[in-house]
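This report describes the surroundings of a ligand and one further residue in a protein chain. The sequence and structure come first.

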Amino acid sequence: MGAGASRANARVCIRVPGKVNLFLAIRGTRPDGYHELVSVMQTVSLHDTVTVEMDTSGVALHPAARRFMKLAFAVEGPEHLSAGDDNLAVKAARALMDRVGLGSTGASSTMNPPLTRLHLAKRIPMAAGMAGGSADAAATLVALNELWEAGLDRYELAEIGAALGADVPFCVSGGTALATGTGTATAKVLTRGVYHWVIGVSDDGLSTPEVFRAFDEVAQPSAVEPDAVLQALRTSDPEALGAALYNDLERATLHLRPELADAKEAMLDAGALGAVVSGSGPTLVALAASRRDAQIIADTVGDLFDRVDVAMSPAGGPEPVSG
Ligand code: C5P
């Protein structure tokens, strides 16, 4: 998809999925406080949409003028979704601007600076362990790279993303990956079949640093390996995958939110093949044998969460949509 420099208004719209952690083991703490981990992540069919737009009729076409590029940001989603500079999508936009030398010179009083509009429509639960913020950052990098015809490849975008958050490199590619180090080193994982999920969301999110801190207090690093998860994905075996779901952070999340233990039991009682906290939580994800089973489980546990979604995985990565 070309950014359409000849059009008066160039626009790129990117749909980006959230993720669930099928496996997450904490290996230890680094001197800088970050944790070494091994994780298997897979995207699910809950999406945010990032749209970027730029007036290309006049001054914005000129490379010199682009050094004065301004950014306008708007959001559509929950009330507490930030429309400010602290939003990871804006941080991603500024990081890309720095990298490609746009907007670096500040505004000139004698000219009308070119403007890029960035719009985020949010559906992935926030502060939920589903990498929603990281997905928005990844989609913003992909969208602006296209809009500005910056010509960076996905590897370079992932590199910029790694400085923004540990899950951003994964979100730049999506699909299914094994992540190591702090989570930024990712390798694609062979996966077959489609998996059906029930996603139990709490409106009251958890901050990732808080959960890692709780982990240091109440839990221990582990040596558990992801082999059973990888084998289940390779052989398209939902029963085996359900049994192999694993997350070392779950103890910390349940320590902070004890009521989630009953909600997890309820998902299993309702017929889930397995259930686990995703990432740092508080989202609980349950694997179902079919779409129909997922709906039955969702209906059964609906009262225990603020929101319950039914979703499928894997869900690809950031992709252009007409919007
Ligand atoms: O990289 P990200 O911004 O998502 O990380 C948020 C916080 O989570 C970090 O500041 C750190 O406290 C914690 N974290 C960690 N080890 C990781 C990833 C995140 O301790 N591998």
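Which backbone atom lies 2.9 Å from a nitrogen atom of the ligand? An N or O atom in the backbone of Thr182 is found at that distance from the ligand nitrogen. The model is predicted.

In one, a ligand oxygen is 2.7 Å from a side-chain N or O atom of His35. In the other, a polar backbone atom of Ala166 is 2.8 Å from a ligand oxygen. On its own the ligand has 450 Å² of accessible area, and the protein covers 75% of this.

Around the ligand are Gly33, Tyr34, His35, Leu37, Gly165, Ala166, Thr182, Thr208, Pro209 and Phe212. By type, this shell consists of five nonpolar and five polar residues, with no charged ones.

Two elements, strand 2 (35-55) and helix 5 (208-218), each contribute at least two residues to the shell. Helix 5 gives the largest share, with three residues.

## Arg15

Arg15 is part of strand 1, which spans residues 9-29. Is Arg15 buried, exposed or partly exposed? Arg15 counts as partly exposed because its relative accessibility is 30%, and the partly exposed class runs between under 20% for buried and over 50% for exposed.

Arg15 and Val229 are separated by 214 residues in sequence. In space, their C-alpha atoms are 27 Å apart.

Definitions and conventions
Residues numbered from 1 in each chain as written. Predicted model: local features only at pLDDT ≥ 70, side-chain atom pairs only at ≥ 80, totals over all residues. Heavy atoms only, no water. Near = heavy atom within 4 Å. Polar contact = N/O pair within 3.5 Å; in protein donor to acceptor, adjacent residues only side chain to side chain. Areas by Shrake-Rupley, 256 points an atom, 1.4 Å probe, with all protein chains shown as cover. Helix = DSSP H or I, 4+ residues; strand = E, 2+ residues; numbered from the N terminus. Nonpolar A, V, L, I, M, F, W, Y, C, P; charged D, E, K, R; others polar. Buried < 20%, exposed > 50% of the residue type's maximum accessible area, 1.4 Å probe, protein only.
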